[in-house]
Amino acid sequence: MTASTRPDLDSIPAYVPGRNHPGAVKLASNETTFGPLPAAAKAIAEAAELANRYPDNLALELRAALAEFLGVAQDNVAVGCGSVALCQELVQITCDAPTDEVLFAWRSFEAYPIVTKVGNATAVQVPLTPDHVHDLDALAAAVTERTKLIFVCNPNNPTGTAVGKAELTRFLDTVPKRVLIVLDEAYFEYLRLAEEDYPNGIELGRTRPNVVVLRTFSKAYGLAGLRAGYAVGDPAVITALTKVHIPFSVNRVAQAAAIASLEARHELLDRTHALVLERDRVRDALLAAGYQVPPSEANFVWLPLGARSVEFGEASAEAGVLVRPYGGDGVRITTGDPHENDLFLSFATDPAVLERFSI
Ligand SMILES: Cc1ncc(COP(=O)(O)O)c(C=O)c1O
């Protein structure tokens, strides 16, 4: 660390992405197992031909396509180098002093404490309920006059649980309008709650200038490697995001692939039906074996194994399946292809494993 860097950078938690091991099945990063659709692959190849030219910094074509798809105006949409970049930019546009507070549930998306610290603000974490669900009443009660931003991850990463429309609406009504609420819907496409309970942040935020919704092309749209996410919100918030946006950080290939994938969304979203069935199959098998598994509305399941989590993750890796342990809380298992899920299940339901981990 040189004298000119911030001394507090040392206290920023490390981002620990899912490991890659040649030959191992990777169920550690909530990725899609399918490669890009032919139309997206073509758009990627064509865009790569123009790699000598800067991309459109305003991403006008992509934002127009998103605005049309979502039924909002173009000035309601910002794009980012993945929605994780937008998380960081949202801290940048709301916090300007170390006493400023960013509130979020814990456990939740591991980037929230990191982007808060990078933004030189203070993270305030509110425990999930014993059922691993957002405790929205506790979150609302934790708001102080220093609170600038609240992240609500719905469905929640890594527990997979979701809060419904009525509960979310009540929460949005309770929080003071000066606080920006970010509904992080990275896993929105895997939600299968009943229609009357469907927590579509874009609908709920439409008339609320202090609500921003984040979605991504990394999950159901299968473009994690290209980095494109988007925010939907009030034009004032979107304009502020464009001020702090790293110029050209959503590259030409990502923009082209996102547009092509949005056009092919029916085909992509059809795949989520199969994935949801697989997710439920994996959960049922784990429940039957004696594990506790909260209901999941995302493309993964959560095993709250507490202190046994890291050892379980290591044992799974030794059995050829990489999963993601989270400290002393639990293990997240991404839903992959059926044969990959079977490999995980044969490990997790092995009588010796059940005995070793006291399931
Ligand atoms: C809840 C949540 N939000 C945002 C992201 C960021 O996704 P990306 O930056 O790939 O768009 C992730 C990725 O895992 C996530 O789980």
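**A threonine and the salt bridges**

Author: Thr-216 is located in strand 7, which covers residues 211-216. Please note that the model is predicted.

Reader: Is Thr-216 buried or exposed?

Author: Thr-216 has a relative accessible area of 3%. That value is under 20%, so Thr-216 counts as buried.

Reader: Which residues is Thr-216 in contact with, leaving aside neighbours within four places in sequence?

Author: They are Ser-83, Ala-186, Tyr-221, Ala-228, Gly-229 and Tyr-230.

Reader: Changing topic, how many salt bridges does the structure hold?

Author: There are 15 salt bridges. One of them joins the side chains of Asp-329 and Arg-107, at 2.6 Å from N to O. This pair links distant parts of the chain, 222 residues apart: Asp-329 lies in the loop between strand 11 and strand 12, and Arg-107 in the loop between strand 3 and helix 4.

Reader: And what is the relative accessible area of Asp-329, and of Arg-107?

Author: Asp-329 is partly exposed at 32%, whereas Arg-107 is buried at 16%.

Reader: Which residue forms a salt bridge with Glu-110?

Author: Arg-324 does, with the closest N and O atoms 2.9 Å apart. Glu-110 is in the loop between strand 3 and helix 4, while Arg-324 is in strand 11, 214 residues apart. Glu-110 counts as buried at 12% relative accessibility, and Arg-324 counts as buried at 8%.

Reader: Which residues are linked in a network of salt bridges?

Author: Glu-278, Arg-281 and Asp-342 are linked in this way.

Notes
Residues are numbered from 1 along each chain as its sequence is written. This is a predicted model: local features need pLDDT of at least 70, side-chain atom pairs count only at pLDDT 80 or more; totals for chains, interfaces and linings use all residues. Side-chain values use heavy atoms; hydrogens and water are left out. Helices (H or I, at least four residues) and strands (E, at least two) are DSSP runs, numbered from the N terminus. Buried means under 20% relative accessible area, exposed over 50%, partly exposed in between (1.4 Å probe, protein chains only). Contact means heavy atoms within 4.5 Å. A salt bridge is a side-chain nitrogen of Lys or Arg within 4 Å of a carboxyl oxygen of Asp or Glu.
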